[in-house]
Amino acid sequence: MNQKKPYILISNDDGYQAPGIRQLVDALREDYDLLVCAPESGRSGYACAFSAVPPLTLTRRDSMGPGVEVWSCSGTPVDCVKMTMGQIRPDQQPDLIIGGINHGANNTINVHYSGTAGVAIEGTMKYVPSLAFSSCDWNTAADLTPLVPYIRQIVAQTLKHGLPRGIFLNVNFPVGTDFKGIKICRMTWGRWVNETVKRAHPRGHDYYWMVGQYVNDEPEAQDSDEWAVNNGYVAITPTDIDVTAYEFFDQLKSWSLDAPQS
């Protein structure tokens, strides 16, 4: 008896033609029913943005070989998830949603900016187990084949065990081809500085580039995702989309807060 393959929805923020998403498809195509819906071009930094306006378009693509359904969307990574679940396969809930493989790190506070993580967050908000895969190597020609056995293992284990409501796994791979293993770790506290650069346009007005330098505010902390990838480990950070600061409840209740007297 033929057993139905688990259905996985894949998207990214680098565009449907990016090498990383193709590597992810190649890693999983034999064992899973894959549907790719990704932006028609790069949408890095779009986080959880979706398109209120303008209207969206979908284009069927034949670019990843037989057995893989591929679409591009004119919108954001989150739009891709919404469009797949609302229009392309409205009657079939994915067993898993994956963002990636991203070209560039999405660990530490970058998870809040990441369109790759946005895919996983959207899936998690729809109660679908979700993963975000990123390589810390920004080079789109980088060899991503060493990531494959880790990805296959993480996907299989996630499908086997599931994830708690509100939790997705943010997975970051260090630069290189030889990893020391896996570290389960927390998000690193850090910040971006020197984020804008001013330039003079030859037509007489100023324009600005968004750039920036990342500062790790706890470089000695060995339980963080930044330490893990900087020391050759694959970092898996279980990430909660419930942003409520429960630990602050009691302190906040101690404030003198009440309805103003009329």
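The following dialogue discusses how to read the fold of this predicted model.

Me: In which sense do β8 and β13 pair, and over how many bridges?

Reply: Their pairing is parallel and extends over four bridges, with β13 covering residues 233-240.

Me: Is α3 largely enclosed or largely open, and why?

Reply: A residue is termed buried when its relative accessible area is under 20%. In α3, 10 of the 11 residues are buried, so the helix is largely enclosed by the rest of the structure. Among them are Gly115, Ala117, Val119, Ile121 and Glu122. Their cover includes α2 (77-88), as well as β1, β5, β6 and β7.

Me: What is found at the start of α3, and what follows the helix?

Reply: At the start, a side-chain oxygen of Ser114 comes to within 3.0 Å of the backbone nitrogen of Thr116. After the helix comes Tyr127, which has a positive phi, near 65 degrees.

Me: How should I read the two faces of a strand, and which residues of β7 lie on each?

Reply: In a regular strand, side chains alternate between the two faces of the sheet. In β7, one side carries Ile167, Leu169, Val171 and Phe173, while the other carries Phe168, Asn170 and Asn172. Both faces are covered, and all of these residues are buried. Strand β7 runs parallel to β6, to which five bridges join it. Within this pairing, Ala132 has Asn170 of β7 as its bridge partner.

Me: Is Leu96 buried or exposed, and which residues does Leu96 touch?

Reply: Leu96, a residue of strand β5, has 0% relative accessibility and therefore counts as buried. Leaving aside residues up to four places away in sequence, its contacts include Tyr7, Ile8, Leu9, Leu131, Val155 and Leu159. Leu96 and Thr124 are 28 residues apart in sequence, and their C-alpha atoms are 9.6 Å apart in space.

Me: How does the radius of gyration of the protein chain relate to that of a compact globule?

Reply: A compact globule of 262 residues would have a radius of gyration near 18 Å; the protein chain has 20 Å, which agrees. The C-alpha trace spans about 70 × 55 × 50 Å along its principal axes. Of the 262 residues, 46% are buried. Among contacts with a separation of 6 or more, 76% are between residues 24 or more positions apart. The protein chain exposes about 14,500 Å², of which carbon and sulfur atoms supply 51%.

Conventions. Residues are numbered from 1 along each chain as its sequence is written. This is a predicted model: local features need pLDDT of at least 70, side-chain atom pairs count only at pLDDT 80 or more; totals for chains, interfaces and linings use all residues. Side-chain values use heavy atoms; hydrogens and water are left out. Two strands pair if DSSP finds at least two bridges between them. The radius of gyration is taken over C-alpha atoms; the globule rule is 2.2 Å times the number of residues to the power 0.38. Buried means under 20% relative accessible area, exposed over 50%, partly exposed in between (1.4 Å probe, protein chains only). Contact means heavy atoms within 4.5 Å. Accessible areas come from the Shrake-Rupley method with a 1.4 Å probe; for residues, only the protein chains shown count as cover. A polar contact is a pair of N or O atoms within 3.5 Å; within protein, one must be able to donate a hydrogen and the other to accept it, and residues adjacent in sequence count only if both atoms are side-chain atoms.
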